[in-house]
Each structure stands twice: as C-alpha cells, then as structure tokens.
Amino acid sequence: MNNWIISIKNLLHKPLYTFLSIFSLSISVGLLLGIQQLDSSIQNQFTNTLGNIEMVVGAKGSPLQLVLSSILHLDNPTGNIKYSEVEKLAKNPLVKTAIPISYGDNYKGYRIVGTTTAFSKIYKAQLLKGKEVENSMEVVLGNDVAKKLNLQLGDTFLSSHGLTENAIEEHEKSFTVVGLYKPTYKVIDKLIVTNLSSIWDVHNHEENEIEEAPDEEHREEKVHEEHEHHDHKHEDKEVTSILVSFRNPMGLMTMPRNINANSTMQAALPKYELDRLFRFTGVGVKAISWIAYTILLISCITIFISLYKMVRERAFDLALMRTYGASNFQLFRIVALEGILIVVISLIFGFLFSQIGLYFIVNLFKSQFQQEIILTFSTTKMLNNVFIVLVISIVSILLAIFPLLKMNVSKILSDEK
Amino acid sequence: MQSTKFKMVQTNNLTFEYKKKEAVFSFPNIHLQEQENLLILGKSGIGKTTFLHLLAGILKPVSGSVLIDEVDINTLSHSQLDKFRGKSIGVVFQKNHAVTSLSVYDNLKARLFFSRKTIKRSEIDSLLNQLDLIETKNRRVNELSEGQLQRLGIAMAVVHEPKIILADEPTSSLDDENCTMVMRLLQQQAQKSNANLVVITHDARITSSFKNVITL
C-alpha cells in the first residue's frame with residue numbers, strides 16, 4: 001500500500017467523475033496539440049516547397065493564385081505568357097535562375113508540367129530509375145504518381161486537357177515514362193515532369209488537326225507550310241509562368257516592381273503571398289485554439305470541482321487517515337496525486353487523440369487534394385502547451401486541496417455521520 | 001489506580017476550552033499501567049469525546065499533559081505527533097467508518113502504511129478471522145453491514161498493535177447481545193496487543209466489564 005494506490009483506488013471509486021474529467025481534458029489537449037501541429041506542418045510544408053524560388057512571373061491576375069498554381073500546384077493558372085519573356089528575363093544580370101513552367105494537362109488528375117531540367121533541382125529530386133527527359137513526349141514521374149498509377153519505365157499514356165481527371169478531352173499523342181524520381185516529400189512527388197516541347201507539341205498537334213479537318217486534300221501543303229514557319233512559331237510559344245531566383249537582394253527589391261509596372265505580366269513574391277495566406281488561415285487556427293483553451297479551462301474547473309467535492313465529501317475519510325497516522329502533507333499528496341493522475345492520463349490521451357485526428361486529416365488532404373502533409377513535430381510548441389495545461393491544472397488542484405489546510409479533524413470526527 | 005510503578009498512560013490537570021462556545025472542560029487525572037483498562041462514564045455534553053481526542057493527540061489541551069509510554073504527546077511536533085499517533089494509538093469511533101474507496105483488506109493495509117508498520121498477510125487474515133470478517137476481506141466498506149463495520153473499526157484500531165486503544169461510545173447504538181460481543185472483542189484484542197483499553201461512554205451496561213471506572 002502507498003499513496004499512489006490509495007489515489008488510484010479513490011479515482012476508481014468515482015468512475016464517472018474520473019471519466020468526465022479525463023475525457024474533457026483530453027479533448028482540449030488533443031485539439032490544442034492537433035491544430036497547432038497541423039498548422040505548423042502545413043506552414044513548414046509550404047515553405048519547404050518554395051525552395052529557393054523568390055519570384056514567380058506569370059499572366060496578370062491574382063498574385064496568390066499565381067503562387068498557388070505555379071509553386072504549390074493547387075490552383076488554376078492565371079493565364080499564359082510569351083516564352084520570349086523567359087529568355088529576356090534569364091538574360092537579366094540580377095537573375096540567377098529563371099525556370100519556365102507550362103501546364104494545363106493532366107493524367108488521371110496528376111498535373112503534367114513542362115519545364116527544364118533545372119526544375120527538379122529546386123526540389124533536390126534525384127532519379128530512382130531511368131533518365132531525365134531528353135526528347136519531346138518523354139516524362140519523369142514524381143514518386144507518388146509512379147506509386148499511385150503503378151507506371152513503370154517504358155509505359156505510355158495519353159494526357160487529358162485541363163487540370164482535373166477527364167477521359168473526354170484526351171490528347172492523341174502519348175507520353176512515355178523514361179524516369180522515376182525518388183521521394184522528396186515535396187510537391188514534385190505529385191507531378192509528371194516533361195520538357196516544354198512536349199506541351200507545345202501536344203497542343204500544336206491538335207491545333208493542326210483542327211485546321212486540317214475541313215480539307216484533307218490540302219494536308220501535305222499545310223505540313224510543308226508548318227515546317228517553313230517553325231522557327232517563327234517557336235517565338236510565339238507560351239509558358240504558364242517563370243520561377244525566378246536572384247543573384248542578390250537587389251533583384252528582389254527592384255524586379256517585381258519593374259515587371260508589375262512596365263509589362264503585361266505580373267510578378268508575385270511567394271514568401272509574401274504565403275505569409276498573407278497563413279494570416280488568413282491563422283484566424284481559423286486561432287479560433288480553434290481559443291475554443292481548445294476554453295475547453296481546457298472548463299476541464300480544469302471540472303477537475304477542481306471534482307477534487308473539491310471529493311475533499312468535502314470524503315472529509316471523514318481524510319480525518320480518519322489523520323487518526324491512522326497520516327500527516328497533512330500525506331493527505332495533500334493523496335488528493336494532489338489524484339489530480340495529477342487525471343492530468344497525466346489526459347495528456348497521454350490528448351496526444352493520442354491529436355495523432356489519430358491528424359492521421360485522418362492527412363488522409364483527407366491526400367485523397368481530396370492529392371497533397372501529402374508531412375507531420376512535423378515542434379517540441380517547443382508542444383512543451384508550451386503541456387506547460388499551460390500543467391499550470392492551469394496545478395492551480396485547480398491546489399485550490400481544491402486548500403480546505404485540507406483548515407481541516408479540523410476533531411470537529412469532523414465529532415460530527416459523525 | 002495511583003501507583004509508583006511505571007505508568008503507560010498518564011494525564012495531568014488536563015483542561016480544554018472551546019473558544020466559540022466559551023466552555024472550559026477540566027478532566028480528572030488518569031494513571032494506567034501496562035494492560036490496565038479504564039472506563040470513563042459521563043453524560044452527553046460533559047466532554048467525553050473531547051477527552052478522548054485529547055488522549056489521542058487530535059486536540060491540544062489549554063493546560064496539562066498527556067503522557068503515553070512516557071512521551072508527552074503535546075511536546076511533539078506535528079509530524080512527530082502524526083507518527084506517534086499512527087504507531088501507538090488506535091481509536092474506535094461510535095459509528096465506525098473506514099475509507100470508502102478501499103476494500104476491507106486495503107483499509108487494514110492503509111492503516112499499517114500510515115502507521116509505518118508492516119505485518120504479514122497471514123497475520124491480517126488471522127485478525128480478520130478472529131473478528132469474523134475474513135469473508136468480507138475483498139468487499140468495499142459500503143457493502144458491509146453495521147455489525148461488520150463495527151468489527152472492522154476494532155480491527156483498524158488494533159491491527160498495528162498500538163500501546164493504547166481508545167474507544168468512543170463503542171456500544172451506545174447496539175443491543176445488549178452486540179454490546180457484550182463488542183466489549184469482549186475490544187478486551188480480547190487489547191489483551192492480545194498488550195495495549196491499554198480506554199472506553200469513554202454514557203452506556204452504563206458495560207460498567208461490569210471494567211475494574212477501573214471514572215465518572216466525569
């Protein structure tokens with residue numbers, strides 16, 4: 001027999017009180033830990049995906065949409081810009097890299113991105129099998145795409161127009177898988193990477209078909225004309241956006257303003273736009289956190305009431321223990337241990353609730369948005385929360401056991417039930 | 001009762017005052033040698049329970065002293081007194097209670113834990129056997145009958161083999177048969193533990209069980 005056993009038996013003696021106290025405190029701890037872990041994981045994930053991209057240049061429209069569509073591949077593009085602009089931008093001495101990307105097609109919901117080989121370097125993606133794209137209509141698959149679609153080297157597929165899965169608007173030219181990337185846990189895992197020519201070829205092929213359809217007899221003549229004008233047409237090619245990194249901060253300070261003021265394009269700063277996005281979503285996170293804090297406070301009041309009630313109801317038991325030789329301090333310990341047990345069990349269950357909840361949320365993201373969230377664990381944030389829970393709980397426990405200080409053993413034992 | 005021999009329990013000029021009630025109680029001196037029992041008779045409101053609480057060190061006297069086994073319990077610090085009470089004193093209350101969240105057996109274990117004493121499981125079983133409680137060993141105390149609770153109260157007062165057993169009105173609510181049984185058990189257990197038994201009551205039926213009787 002010891003203080004712990006007595007405390008545990010006391011808790012088991014009032015299972016409903018104990019259950020309610022643990023349940024409510026676990027829920028609030030779970031909500032607090034879960035929402036903050038999810039928030040910091042998403043922020044980390046987004047920031048991680050930025051890599052060294054400091055500016056995105058695309059068609060005029062919403063800068064947030066441009067960032068979401070070009071970097072996180074979550075939204076629709078704002079439009080297209082001329083490829084010649086990429087070449088012009090790349091020549092600017094302030095620019096370190098200017099990576100064009102072109103997209104607008106998908107295969108079974110996975111976006112096909114036409115770009116250069118520099119694109120994979122942003123995400124430090126390495127080949128697991130095969131080779132990088134060298135020729136038109138070759139693709140390298142992100143790790144998740146390869147796994148989900150069960151595609152292997154040499155497999156071919158037809159892409160569909162648009163960014164969502166559809167079998168109606170399928171293109172006729174097929175892509176061939178020439179490489180698979182290792183997992184990076186970044187957005188490239190969800191992409192099908194090809195070169196810009198592939199995207200242009202797929203669309204040019206169809207444009208030609210539309211032109212050819214009314215008059216089959218003139219096909220050969222038109223093909224001949226196409227070849228003649230190939231070089232001229234290359235100049236008219238378009239891309240969706242350009243991912244830019246600078247040689248020095250001067251580029252970041254001057255170029256976005258210059259592009260926005262003096263061109264038909266817009267320049268968006270991913271870090272700024274994502275900060276803005278987090279400020280919007282942060283309101284929701286704060287609201288849920290406050291709800292969790294409110295539940296936490298209510299839980300601690302429940303613990304206080306249940307312990308206080310216990311001290312009052314079991315005053316005779318506690319007075320008896322004094323006659324058995326228990327010191328006041330021992331009684332404090334027994335009652336405090338009951339509270340501490342409730343808090344510790346609640347913290348454990350709260351943590352488990354948060355992880356179970358996050359598991360479902362992560363799976364939901366995966367199935368609904370094809371976005372894999374890698375849960376990151378901020379020990380400091382978690383310890384902060386645990387500290388807050390402990391402080392509020394300890395105050396509740398101390399308030400509840402305070403009457404023990406003033407306990408008049410003789411009076412309690414004289415006023416026998 | 002007065003003797004020059006070694007005294008196990010001794011009180012000298014004990015007085016106590018309830019400040020709110022402005023009532024002052026003075027108590028007679030008692031001197032008990034080893035294994036000597038005492039019955040203190042008195043009407044309700046005369047301060048019987050106060051006297052018992054003074055003997056148990058639950059209350060501090062305004063003046064006077066209580067010596068048990070040559071220790072003046074009122075000179076002890078709080079923690080020393082708690083330890084002393086746990087080891088040397090056993091109290092039987094008028095209505096018997098035990099810790100409600102614990103079983104009969106766990107109550108006895110808790111009693112020993114607070115007394116900082118350990119005895120063998122077989123000795124606890126033997127005590128429960130003597131008090132006809134062995135069947136109820138694993139039952140919660142709220143599942144016990146009044147008679148079983150009364151016997152558990154006695155077991156709790158003697159399990160740690162105290163030097164003095166104090167009983168407050170142990171028979172007042174009992175019929176004659178149970179009154180005799182409880183007194184017999186108390187005396188048997190006191191004898192077995194070599195303890196002094198001090199019973200405080202207004203119940204004159206038990207006068208014949210004692211050689212030493214004082215009336216307050």
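This is a predicted model: local features need pLDDT of at least 70, side-chain atom pairs count only at pLDDT 80 or more; totals for chains, interfaces and linings use all residues.
**Entry 1. Helix H10 of chain A**

H10(A) runs over residues 249–262, which makes 14 residues. From its first C-alpha to its last I find 20 Å, close to the 20 Å expected at 1.5 Å a residue. I then looked up where the axis bends. H10(A) bends by about 25 degrees at Met255(A), and the proline Pro256(A) follows within four residues. Both of these residues are on the list of buried ones, which reads Met255(A), Pro256(A) and Ile259(A).

**Entry 2. Confidence**

I looked up the scores next. The model has an ipTM of 0.81 and a pTM of 0.69. For chain A the mean pLDDT is 81, and 89% of the residues reach 70 or more. For chain B the mean is 85, with 95% of the residues at 70 or more.

Which elements of chain A have the lowest and the highest mean pLDDT? Helix H8 (residues 219–228) is the lowest at 42, and strand E6 (residues 138–141) is the highest at 94. I also recorded that pLDDT stays under 50 over residues 210–232 of chain A. For that stretch the model has four contacts beyond four places in sequence.

**Entry 3. The two chains**

I listed the make-up of each chain. Chain A has 15 helices and twelve strands, and buried residues account for 39% of its 417 residues. Chain B has six helices and ten strands, and 44% of its 216 residues are buried.

I then considered contacts between residues at least 6 apart in sequence. In chain A, 79% of these join residues at least 24 apart. In chain B, the figure for such contacts is 73%.

**Entry 4. Where chain B touches chain A**

How many residues of each chain take part in the contact between chain B and chain A? I find 27 residues of chain B in contact with 21 residues of chain A. On the side of chain B that touches chain A, helix H1 (48–56), helix H2 (78–88) and helix H3 (104–115) of chain B each supply at least two residues. H3(B) gives the most to this side, with seven residues. By class, I count ten nonpolar, nine polar and eight charged residues on this side of chain B.

I followed one residue of chain A across to chain B. His13(A) lies in helix H1 of chain A. Leaving aside neighbours within four places in sequence, His13(A) is in contact with Thr100(B) and Ser101(B). It has 17 C-beta neighbours inside 10 Å and therefore counts as partly exposed.

**Entry 5. Helix H1 of chain A**

I turned to the rest of this helix, which covers residues 3–13 of chain A. Its buried residues are Ile6(A), Ser7(A), Asn10(A) and Leu11(A). Seen down the axis of H1(A), these fall within an arc of 135 degrees, so they line one face of the helix. The face turned away from the buried side carries the exposed residues Trp4(A) and Leu12(A).

**Entry 6. Helix H2 of chain B**

I looked up the buried residues of H2(B) and found Leu81(B), Asp82(B), Arg85(B), Gly86(B) and Ser88(B). Their cover includes elements of both chains: helix H12 (315–324) of chain A, together with H1, E5, strand E7 (89–92), H3 and strand E8 (164–168) of chain B.

**Entry 7. Positive phi**

Most residues other than glycine have a negative phi. I therefore recorded two residues with a positive value.

- Met137(A) has a phi of about 70 degrees although it is not a glycine. Met137(A) lies in the loop between strand E5 (127–130) and E6 of chain A.
- Glu70(B), also not a glycine, has a phi of about 65 degrees. Glu70(B) sits in the loop between strand E5 (63–68) and strand E6 (71–72) of chain B.

Why does Met137(A) count as partly exposed? I find 18 C-beta neighbours inside 10 Å of Met137(A), whereas a buried residue needs 20 or more. Glu70(B) is exposed, because 9 other C-beta atoms lie within 10 Å and the limit for exposed residues is 12 or fewer.

Notes. Residues are numbered from 1 along each chain as its sequence is written. Chains are lettered from A and ligands numbered from 1 in the order in which they are written. Two residues are in contact if their C-beta atoms, placed from the backbone, lie within 7 Å. Ala, Val, Leu, Ile, Met, Phe, Trp, Tyr, Cys and Pro count as nonpolar, Asp, Glu, Lys and Arg as charged, and the others, Gly among them, as polar. The arc is that of the directions from the helix axis to the C-beta atoms. The expected span of a helix is 1.5 Å times one less than its number of residues. The bend at a residue is the angle between axes fitted to the seven residues ending there and the seven starting there. pLDDT is the predictor's confidence in each residue, from 0 to 100.
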